[in-house]
Amino acid sequence: MDRFDVIIVGCGPTGATLAAELRLHDVRVLVLEKESEPVPFVRIVSLHVRSLELMAMRGLLDRLLERGRPRPVGGIFAGIPKPAPQGLDTAHAYLLGIPQTVIENLLEEHAIALGAEVRRGGAVVGFEQDDEGVTVELSDGEQLPSRYLVGCDGARSTVRKLLGVGFPGEPSRSDTLMGEMRVGVPQEEISATVAAVRETHQRFWLRPTSEGYYSVVVPAAGVSDRAEPPTLDDFRQQLRAVAGTDFGVHSPRWMSRFGDATRLAERYRVGRVLLAGDAAHIHPPAGGQGLNLGVQDAFNLGWKLAAQIRGWAPETLLDSYQAERHPVAAAVLDNTRAQVELSSTEPGPQAVRRLLTGLMDFDEVNRYLIEKITAIDIRYDFADAPDLVGRRLPDIDLDQGHLYGLLQRGRGLLLDRTENLTVGGWSDRVDYLADPAAVLDVPCALLRPDGYVAWIGDDQQDLDDHLSRWFGRPAG
Ligand SMILES: Cc1cc2nc3c(=O)[nH]c(=O)nc-3n(C[C@H](O)[C@H](O)[C@H](O)COP(=O)(O)OP(=O)(O)OC[C@H]3O[C@@H](n4cnc5c(N)ncnc54)[C@H](O)[C@@H]3O)c2cc1C
């Protein structure tokens, strides 16, 4: 292969998802990952409703369910213990707790199975772009040409820095220690102390993981040197300060620290170079949204970049990636800022927390917050369109099975209850399904490959205009 269509920097969840999405459209993809092996950190993360739906759309959900633990959706906003509202509009009204390593491995395997090339063990250190393409430089001096480059290289993104894109926001104010280790006291003693401490300290946790190990989370306030990795003594000192005991912790498997910096890239695209995932936005882990946000960036960008490369993208399609995803990230940053405030032990924020806890007894308040964290509230702004346009469709029942089962190839779909319309010259990009009995409040809906509604109606000319808007000129 003389030149790749897209080089992706970073094989985390965002990079691996994007590689797979591009391969659905036969785009030649190379993923460059600096680590020789996937990192061994066993951090349990939450996959939320919209990500679970997207995984279902690409046939990956069953494999994730085998390896994760479904939990109720409730209690995720700032850890306020309220059950989820009844009747969330989804077939996947749960949260999947799953080790991040499992997700990463599965997504990488999926991308490779679809034909992506993943090269590990070499960091990207530079690139140059012109009107024709991008030349990427690796740490050993090797140069690789490509048509586009996407930085999915995490919070300290080299690609973002080399692009000179601003990353405004707030620096970390309070760090947290996190690790896995053994304990020297019985579980009953741990449960009682943890429950008591968590009444006032939301950033404290000690719970069993596997093989006799415990996951430990504790504020790092008293630990001075942020540049050094934390030690076991740091954990002991902080546990004593917060819980009055160090639980006899010993034999750590791994130890790390994370901050609560909140930043958003000023731009997601400069010419032929784009940013996605943590490279474009960082925020505290409150509500467990970062990985979900990055994976959803990849679903939004994948088909648009593929269309650009295949030559059928309308002129503004690629830029709609930033137009749609930047506001979504800004909203996530804001809700994590709010959650951090609500987790403070100061009397003011504690009073606001008590107030919000009461407000969440109102179904609409509870629903608003849960739909935000699970990302099923997203409505992209397609200007002057009815409310359903720009929103996702849930996995509705159809004559031929479930809707999401029809979206596995990453193509558009016209769902036609009238049986009168056609996708005509767009049939190489958009599938057609006539189903008069489909459980849909509108006559017809045009879905984009990422499952968002691009148009509703029953008029062929209007449909053709919208097919052109999203899928370019018809073939032939
Ligand atoms: C304590 C904690 C708990 C969390 N819990 C959740 C949760 O419950 N739910 C959730 O959604 N999110 C959670 N997150 C956030 C989540 O882990 C991140 O948002 C997610 O990993 C971002 O994925 P990414 O692929 O964008 O970046 P990363 O996972 O950072 O991947 C970037 C990749 O790029 C590689 N790379 C970097 N630089 C280069 C280079 N120059 N050349 C080549 N390769 C490079 C890195 O090695 C890495 O593999 C949590 C985070 C923390 C700290």
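**Helix packing**

I looked up helix α2 (residues 49-57) and helix α8 (residues 290-310), which pack at an angle of about 40 degrees with their axes 9 Å apart. Helices here are DSSP runs of H or I of at least four residues, strands are runs of E of at least two, and both are numbered from the N terminus. Axes are lines fitted to C-alpha atoms, for helices over the stretch in contact, and angles run from 0 to 180 degrees between N-to-C directions. The angle makes α2 oblique to α8 (under 35 degrees counts as roughly parallel, over 145 as roughly antiparallel, 65 to 115 as roughly perpendicular and the rest as oblique).

I noted the contact (heavy atoms within 4.5 Å): α2 contributes Arg50, Ser51, Leu54 and Met55, and α8 contributes Asn292, Val295, Gln296 and Phe299.

The model is predicted, with local features needing pLDDT of at least 70, side-chain atom pairs counting only at pLDDT 80 or more, and totals for chains, interfaces and linings using all residues. Residues are numbered from 1 along each chain as its sequence is written, and side-chain values use heavy atoms, leaving out hydrogens and water.

**Sheet**

I then traced an open sheet of four strands in the order β22-β21-β23-β24, with mixed pairing (two strands pair if DSSP finds at least two bridges between them). β22 (430-434) and β24 (453-456) are at the edges with a single partner strand each, so one side of each has no neighbour in the sheet. From one strand to the next, the twist averages 15 degrees.

Strand β21 (residues 412-416) pairs with β22 in the parallel sense over five bridges. I found Gly412 opposite Val430 in β22.
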